[in-house]
Amino acid sequence: MVSALRIACRGGSPIKGRVFVLALAAMGLAACNDDDAQEAAAPAVQSAPPAPAPQMSAPPATPTPTQAPPPQSAPPPQSAPPPQSPPPVNAVGSSTDFPASDEEAARFLVQASFGPSDLAIAEVRSLGYSEWFQQQLGASASFYTARVKARMLIEGQNWRLRSGVSQAFWEYGVVSEDQLRQRMTYALSQIVVASDAAGSPITATPLATGYYVDQLSIHALGNYRDLLEAITYSPAMGMYLTYVGNRKGDPDSGRLPDENYAREIMQLFTIGLLELNPDGTPRPGNIETYTNDDIVGLARVFTGLGFKGHRTRHQSADDDALYSPMEIYPEEHSPLEKSFLGQTIPANTGAAESIDRALDILFNHPNVAPFICRQLIQRLITSDPSPAYVRRVAGVFESGSYTLPNGNVVGEGRRGDLAATAAAIILDPEARQSVDAASATFGKVREPVLRFLHWARAFDLRSTRAEEDADLLQAQSSDSLGQHPFRSPSVFNFYRPGYVAPNSATGGAGLVAPELQIENEASAVGYANFMSRLVRDETRAFEGASGNAFSPTYADELPLAEDIDALIDRLDLLLTYGRLSAETRETIRTVLQAMEIREGREAEDRERRVQMAVQLVVTSLEYVTQI
């Protein structure tokens, strides 16, 4: 990651405020010194007092439904020979098409999916990056609305279904074949935000949330212009940003159209606050992209939209209103001209044409490519991408096509192609460079959702039915995972893309580190406790549930329990793609050696040793960070 994280992962001083660094090592040693302690699970880490929330400059005031304040040279082959005929090198200079080791394949999967498994590593090594990517483009998409509807038929409208969409996400993240699509869907959900957090207008409408996520999934490897249109008409976004039922202005009463969506589609979903160079850097003079007059003009565009069958109340609308595109009610659409960003939609233009033309104007703004591409790079690869990296990817977004290392072309040649953009991000020279060759500013802190799903994909689980696991119902709690998919506190996501952590080594270096905005001592301890329950198979099941949800078997690890170095090697591959430092390995080895394998209790003690090894790795800096 950024310099301080790289130093920490290579044996230097850790970032101020981090409390991972093998937090359970001392407990493991203490527990192994007497038989009674060995019989009990290691105690939970005691929570530290919450650290003060980092201060940051706020974006322009925006009323949000949640009423939350806005935050603003591959290495030589190791275990397999290279292909007999070297695959072609992409025009921009990416590495060859096949990973040179299992570790390189695992690292690729950390970036392009929700994490490696033995099978996934073998697939990437066999297929190569290009063929893997092409197969992912053809994988059947995983959908959310149908999953929620099916559960409603069986369970009725029970309170647990409010988390039905995220519960489906937990399962899809582990077992779905469309890993690239789901990873892109999650990345886009943090850019084009409609949150079902407590207090949101969509908290109690999982069908609306499911339809919104389905639109992200459908277009995640499609075209960004099509995604903007689908999201604009989605009931979840209409409710979340308060423009469903939006009415034209009335000069007699002083009523004005709702401006929420007009503001956010510019500020967050398309062009941002400042005019950008093609490499994502601000143009000289920090030129603002829009004014309040632009918001007023654009707000008129989004008038006249309502639920299918009833303009304002989904309870009185058609049965499928929450998972169908919003309809246009012409009598409530503003007939006035709509001027914004230097362009004008003439008076008396109908709603459908006004929306279409407005989205075209926004989408074709030169800011869109660098603004969106930089954030996608952040979500997949590195927090502070170089301007050259952003420029290359933005160029692919503009052209709509990308040549894979095997010579095949991805994309339809239409501006905004997200399949081509994803390929450019993941196969860029900076993404595919070796860990040792990466600069000290390359990489990122991994958000909790990604850490959890990586663990779940790495090990054999008895079940992935998240609706049976009470610990996943409110994963956003600070004493739990600390983050919940599709449940950010506001339209500004969990963290801002330009966040610089104050009073930190990264901040001192002026480096952007978005995920650090949700990291503090309390959240770190909460994460360690959450993972401890999972690793030790001690999660809480709902009454009547099987208790097998997200329950690991460690079938491939238990035979290695008495060969500590082999066990560490395996976890280093699956969880940290060969990045465990000598210091971290030695600390883990010391803890595990102190855990005796006793006669007559071999099976129990082997399991405890494996669990401790996994716990120590998933709370290490090498796992929490991504390079």
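Trp455 and Phe459 are both buried (under 20% relative accessible area with a 1.4 Å probe and protein chains only; over 50% is exposed, and in between is partly exposed). This is a predicted model, where local features need pLDDT of at least 70, side-chain atom pairs count only at pLDDT 80 or more, and totals for chains, interfaces and linings use all residues. Residues are numbered from 1 along each chain as its sequence is written, and side-chain values use heavy atoms, leaving out hydrogens and water.

**View A. Trp455 around its contacts.** Beyond its neighbours within four places in sequence, Trp455 is in contact (heavy atoms within 4.5 Å) with residues including Leu461, Met531, Phe550, Tyr554 and Tyr623.

**View B. Arginines over tyrosine rings.** Arg432 sits over the face of Tyr129, 5.2 Å from the ring centre. Arg451 does likewise with Tyr527, at 4.6 Å. For a charge to sit over a ring, NZ of Lys or CZ of Arg must be within 6 Å of the ring centre and within 35 degrees of the ring normal.

**View C. Tyr554 in its loop.** Tyr554 isn't a glycine, yet its phi is positive, about 55°. You'll find Tyr554 in the loop between helix 21 (521–535) and helix 22 (564–576); helices are DSSP runs of H or I, at least four residues, and strands are runs of E, at least two, numbered from the N terminus. Tyr554 counts as buried, at 1% relative accessibility.

**View D. Asn348 in its loop.** Asn348 also has a positive phi, near 65°, and lies between strand 4 (343–345) and helix 14 (351–363). Asn348 is exposed, with a relative accessible area of 67%.
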